[in-house]
Amino acid sequence: MDLSKAYLNTLGDAEAKKLADLRSRLPLITAKAREASAEAAAVPEGGFTLWRVRIEEQSDASDIVLLKYLRAEELDVDKAQERVVQTLVFRADCKIDELAEAELPEYFQGHDFITGVDEGGRPIMISRFGGMDIEKVFGDAEAFVRYRAKLMENAIALLKFERGAPEDLTQVHDYSGVLTTMFNSNVKNGVTAISKVFSEHYPEFKGKTLFVNFPAVFSKPFQAFAALMPERTRKKFMILGQDDHLALFEHLGPGLVPDALGGLLREPRSQLSGPGHAVMVKARDTADVAALELVGAGTVAWELRVCTYEVSYEVVFAAQGSGEEEVIAKSEQGQYLKAEDGVVAGQWTAGSAGSVRFRFRNECAWFKRRVCACRAELMS
């Protein structure tokens with residue numbers, strides 16, 4: 001079904017009538033929710049919200065929310081109505097708005113990152129599964145659902161709910177360190193439970209989902225599972241191989257990717273906030289990156305890394321109108337920057353206008369390329 005006209009900024013006449021029909025049913029929807037749940041019954045008149053949007057008030061934001069339910073049910077107003085009822089009951093009974101502010105147990109912490117928004121304005125949620133204590137994280141299915149729902153709520157909070165603005169998320173699932181032995185019945189039960197919650201109560205929030213460091217052994221089962229999905233959903237999934245940093249950086253700048261995944265984002269966060277640059281360096285070759293143009297004197301902060309193996313590097317400054325370069329920083333002769341060294345950073349003050357460049361040399365490899373990341377910004 002073509003749902004391209006079921007968005008507020010592209011709303012067609014037929015879709016507008018469906019939206020008006022669903023909105024006219026809101027008194028019935030909220031009444032049904034109150035009948036079904038004591039917690040929902042305690043919500044003040046006119047006080048029902050979905051993702052902090054008052055759905056009973058006429059606004060672009062509430063139209064955007066209602067259209068999500070219509071698209072999820074392929075414009076079937078009766079089904080969309082019932083789905084909104086069930087979501088209001090679910091959120092009231094599970095106190096989802098409070099959950100968004102709740103503190104997680106320690107074993108749920110440190111696996112997930114909400115790193116900002118991508119170039120399209122979609123919030124980025126990155127989850128790393130290899131370091132989880134499987135027994136603790138998946139041992140209680142209800143606790144696992146609350147953990148994942150909290151993350152979803154925190155990411156959705158970055159959406160603007162404005163006409164024409166992004167309405168979904170970019171998600172990255174990192175499988176480095178994941179073993180087939182981890183997939184026991186508790187994991188299956190937890191994944192099944194959260195998939196049900198997300199499919200029923202978080203409609204149309206799934207945007208691009210990247211599976212990185214995805215084990216080859218999982219590929220065939222995943223493809224079989226994906227074949228059962230609607231094509232519109234299936235197109236949102238992308239599988240990236242082991243250490244395929246360059247492919248990942250085509251979707252997310254390295255400044256939005258945690259350093260543990262080969263990116264530049266560190267905790268605590270540095271002063272730099274840009275997406276950065278990625279470059280592939282062929283074996284026995286050199287690659288230059290023009291990272292920053294200065295219109296005058298100023299202090300520059302810079303960061304760089306190699307994602308796998310090793311390289312040598314230089315950070316240089318070329319003053320405007322001069323053919324000569326000044327070396328800001330470099331690896332020592334015979335001493336290479338290695339992937340496990342993580343991010344190298346520094347500051348330098350330029351005395352004039354000019355350009356800051358990064359130079360990477362892949363001197364050790366005969367065949368394998370290197371992927372490097374870097375960024376430089378003027379400090380205010």
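Let's start with Ala290, which is partly exposed at a relative accessible area of 42%; here buried means under 20% relative accessible area, exposed over 50%, and partly exposed in between, with a 1.4 Å probe and protein chains only. Ala290 sits in strand 9, residues 286–294. Helices (H or I, at least four residues) and strands (E, at least two) are DSSP runs, numbered from the N terminus. Leaving aside residues up to four places away in sequence, Ala290 touches His277, Val356 and Arg357, where contact means heavy atoms within 4.5 Å. Ala290 and Phe317 are 27 residues apart in sequence, and their C-alpha atoms are 10.0 Å apart in space.

A quick word on the model, friends: it is predicted, so local features need pLDDT of at least 70 and side-chain atom pairs count only at pLDDT 80 or more, while totals for chains, interfaces and linings use all residues. Residues are numbered from 1 along each chain as its sequence is written, and side-chain values use heavy atoms, with hydrogens and water left out.

Now to the salt bridges. The structure holds 27 of them, each being a side-chain nitrogen of Lys or Arg within 4 Å of a carboxyl oxygen of Asp or Glu. Take Glu303 and Arg375, whose closest N and O atoms are 2.8 Å apart. Glu303 belongs to strand 10 (residues 298–306) and Arg375 to strand 16 (residues 370–378), so this pair ties together parts that are 72 residues apart in sequence. Glu303 is buried at 1% relative accessibility, and Arg375 is buried at 3%.

Glu310 is buried at 18% relative accessible area, and Arg370 is buried at 4%. There is also a network: salt bridges that share partners join Asp288, Glu314, Glu325, Arg357, Arg359 and Arg361.

On to the open sheet, which has 5 strands in the order 3-4-5-6-7, with mixed pairing. Which strands stand at the edges? They are strand 3 and strand 7 (237–239), each with a single partner strand, so one side of each is left without a neighbour in the sheet. From one strand to the next, the twist averages 15°. Helix 8 (residues 141–156) packs on this sheet, touching strand 3, strand 4 and strand 5, and its direction makes about 15° with that of strand 3.

Strand 3 (residues 112–117) pairs with strand 4 (residues 123–128) in the antiparallel sense over 5 bridges; two strands pair if DSSP finds at least two bridges between them. Asp112 has Ser127 of strand 4 as its bridge partner. The hairpin has 5 residues between the strands, and Gly121 there takes a positive phi near 90°. Strand 4 also pairs with strand 5 (residues 169–174), in the parallel sense over 5 bridges.

Last, the helices. Helix 1 (residues 13–24) and helix 4 (residues 60–72) pack at about 105°, with axes 10 Å apart. Axes are lines fitted to C-alpha atoms, for helices over the stretch in contact, and angles run from 0 to 180 degrees between N-to-C directions. The contact is made by Lys18, Leu19, Leu22 and Arg23 of helix 1 and Ser62, Asp63, Leu66, Leu67 and Leu70 of helix 4.
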